[in-house]
Amino acid sequence: MKGVSLQINKGEIIAIIGQSGSGKSTFLRCLNSLETVDRGSIEIDGQFLVKTGPDGKAVYANTVDAAQMRRKIGMVFQNFNLFPHKSVLENLILAPILVQKTDPAEAEKRARILLEKVGLELKVDNYPFELSGGQQQRVAIARALAMNPDILCFDEPTSALDPVLTGEVLKVMKDLALERMTMVVVTHEIGFAREVAHRVLYMEDGYIVEEGPAEAVLLNPRQESTKAFLSTVLMAR
């Protein structure tokens, strides 16, 4: 990441596009401390997760405060990352019970509501290997929602799926958009970004090269590198 500066507002949906290796996933991983920064600041709802100290190096919040801030951010990964030895229901209730100390009965009640929300209420007792890729990703979204995050980050959530399964996952994400869930989505799904995102960022070599309303960036990009990328992606479709 090189001098990235961005403010995300409550209820806003940001789509991040760019070539592989441009810094998109690294940006998401910095937000939830899966990667640490050398300098700069990350502020979540008025609290600093990290900021630059007097010596010019990054200083992170103490362990307790940092953990509380990270809980505000849910993460959905490209390859689902479900626990293979646990059922769908167990995947959803594990973190709320262990991390948030939620009553098990309450955690299960919410899990069932979320599974109904993503169309998988009949799969509560299934294991990940018994599900399609699209179903696994929908379980992963429900699992992230089970922690009641303020922000959901998606790291190319459909890149491992075929077109039919991609549609299943995008429908769930569109429903979340209608509920004004704050989302940061790394994606190559240009149609989805145009339809749902408020802003689109094009990243290249660790920089945000272009940023603006979805229609403007995707239909009338200013930068030649953005134009070239979009042409390549649309031709691949």
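Tutor: A term to begin with: two strands pair if DSSP finds at least two bridges between them. Please keep in mind that this is a predicted model.

Student: In what order do the strands of the three-stranded open sheet come?
Tutor: Start from the edges: β2 and β4 (58-60) each pair on one side only. The pairing is antiparallel, and the order is β2-β3-β4.

Student: Which residue of β3 is the bridge partner of I44?
Tutor: β2 covers residues 42-44, and three bridges join β2 to β3 (residues 47-52). The bridge partner of I44 in β3 is Q47.

Student: Which residues lie closest to the centre of the largest pocket?
Tutor: This pocket has a volume of about 1,100 Å³. Its lining counts 29 residues, and the closest to the centre are L6, L31, S41, I42 and E43.

Student: Which elements each supply at least two residues of that pocket's lining, the largest pocket's?
Tutor: By class, the lining of the largest pocket holds 13 nonpolar, eight polar and eight charged residues. The elements that each supply at least two of its lining residues are α1 (24-31), β2 (42-44) and β7 (182-186).

Student: And which element gives the most to the lining of the second largest pocket?
Tutor: The second largest pocket has a volume of about 580 Å³, and 21 residues line it. With four residues, the element that gives the most is α3.

How values were computed. Residues numbered from 1 in each chain as written. Predicted model: local features only at pLDDT ≥ 70, side-chain atom pairs only at ≥ 80, totals over all residues. Heavy atoms only, no water. 1 Å grid on protein atoms, 1.4 Å probe; cavity = no way out; pocket = protein on both sides within 12 Å on 5 of 7 lines; lining within 4 Å. Points joined across faces, edges and corners; volume = space filled by probe spheres on them. Nonpolar A, V, L, I, M, F, W, Y, C, P; charged D, E, K, R; others polar.
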